[in-house]
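Please look at the structure shown here.

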Amino acid sequence: MIRLPCLGSLLFLLLSCGSEQTLSVPIYEVQEKPFAVVIPAHGELEAAIAKSINAPGRSPMVIDWLAEENSWVTKGQVVARFDAEQISLDSRKEELDMMLLDMDMRQQYAEEMQQQGELNSDKALVGKEFTFVDTFAIDDLRLYSKLEIIDTLSNRDYLGAKEEFIEWKESSIDERNQSALDVLNIKKGGHQEKFQQHQAALAQLEVLAPYDGMLVYEKNWRGDKASIGQTVFPGHTIAKIPNLTKMQARLFVLDKNAINLESGQNVTLRLDAYPDKQYTGQLQSVSGFSRTIKRGNPTKYFELVVSIQEQSPLLQPGVKVSASINVSEPKNKIAIPLQAIFNEKSENYVYKRDGANFVRQKVITATKNLHVVEITQGLTAGDNIALSVPEAL
């Protein structure tokens, strides 16, 4: 009889500790509720059809002057002008190099003529020596000894070999000089081509509008627009003249938020300047990889193109927009917060409440959005799960 109060007190303390342990863990009650995947995005409007204005020439050029952006231009109007100083210097340098090569070619010709003259002198001398040897060559043993006769014949053989050597040297000089001239001609041709390119660039320092329209400058991969003093490469798109009757949106989505994006998904657009105006669109394309869109910012985004169904005078190039991409329509599903999911050895699980304790429960996940994930197996409506690891475990 004396021990009963002690046992009752101990049981009450154990139950109290278990209750406090349960209450110290944040609990989420699993319910079946509408679940949708909606991804936020931001960007700006642009024309679906636009005429590009590209940098001319075949070498980098520096922008010297630009027409005002978003101004109305007419066909043939100057929209950009490039600096001629560097191109002129490069052109003069190529011209000087061609003049130096011409001097080298003339010097090569002079050296060839000098060498040819020396060979002609040697050939004439050998001819005279042949005549002398033939004139005084006597093979009569009564007048000359055998040694003298042999010496005379040796001189003739020597002169014959010398004549052959002079002929070989003459052909060798011709080939060597011709090869040197060919190399100089090739170098001159390269400088000539560059010189013509610079001359063509000097004739294209002004870029004209191809037709009437509003001038909109194009952003490069760093998000910068053309500016005075900027160096642009041949073919680089400086600006566009858009067709304002058909507008589209170019959006950017954080790479970690780009979940199951694909063409054909519905998009809701709102103009930042007119938040009460809402437009609907459809996702047309998704970039194959993420990239940075601002210099100095390592954050990467996927680039999207969205067609807009309703056209309006408020839709102008460069207008900032915010968008919501409907990856999946709302349906009643069992979904839980992402923070309640744990993973070990490629297995997802949660901590499910079982009375005053928590047990590890394996779950099968499906679609997820930025906040919750769909559960297809392992949980039912009414279950309670922990949003963090229970201290007892």
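Setting aside neighbours within four places in sequence, V267 is in contact (heavy atoms within 4.5 Å) with L251, Y279, T280, G281, Q282, L283, V306, A323, S324 and I325. The model is predicted, so local features need pLDDT of at least 70 and side-chain atom pairs count only at pLDDT 80 or more, while totals for chains, interfaces and linings use all residues. Residues are numbered from 1 along each chain as its sequence is written, and side-chain values use heavy atoms, leaving out hydrogens and water.

V267 belongs to the largest nonpolar core, which has 27 residues; I39, L45, L251, V267, L269 and I325 have the most contacts inside it. Such a core is a set of buried Ala, Val, Leu, Ile, Met, Phe, Trp, Tyr and Cys residues joined through side-chain atoms within 4.5 Å, where buried means under 20% relative accessible area (1.4 Å probe, protein chains only). Two or more residues each come from β2 (32-47), β12 (247-254), β13 (266-271), β14 (278-286), β16 (300-308) and β17 (320-337); strands are DSSP runs of E, at least two residues, numbered from the N terminus. β2 gives the most to this core, six residues. Apart from it lies another core of 22 residues, including V73, L205, A239 and I241.

The largest pocket holds about 810 Å³ of space. A pocket is an open set of points on a 1 Å grid over the protein atoms alone, where a 1.4 Å probe fits, with protein on both sides within 12 Å along at least five of seven lines; lining residues have an atom within 4 Å of a point. Of its 34 lining residues, E44, K219, G223, R250 and F252 are the closest to the centre. β2 supplies the largest share of this lining, six residues.

Notes:
Buried < 20%, exposed > 50% of the residue type's maximum accessible area, 1.4 Å probe, protein only. Helix = DSSP H or I, 4+ residues; strand = E, 2+ residues; numbered from the N terminus. Points joined across faces, edges and corners; volume = space filled by probe spheres on them.
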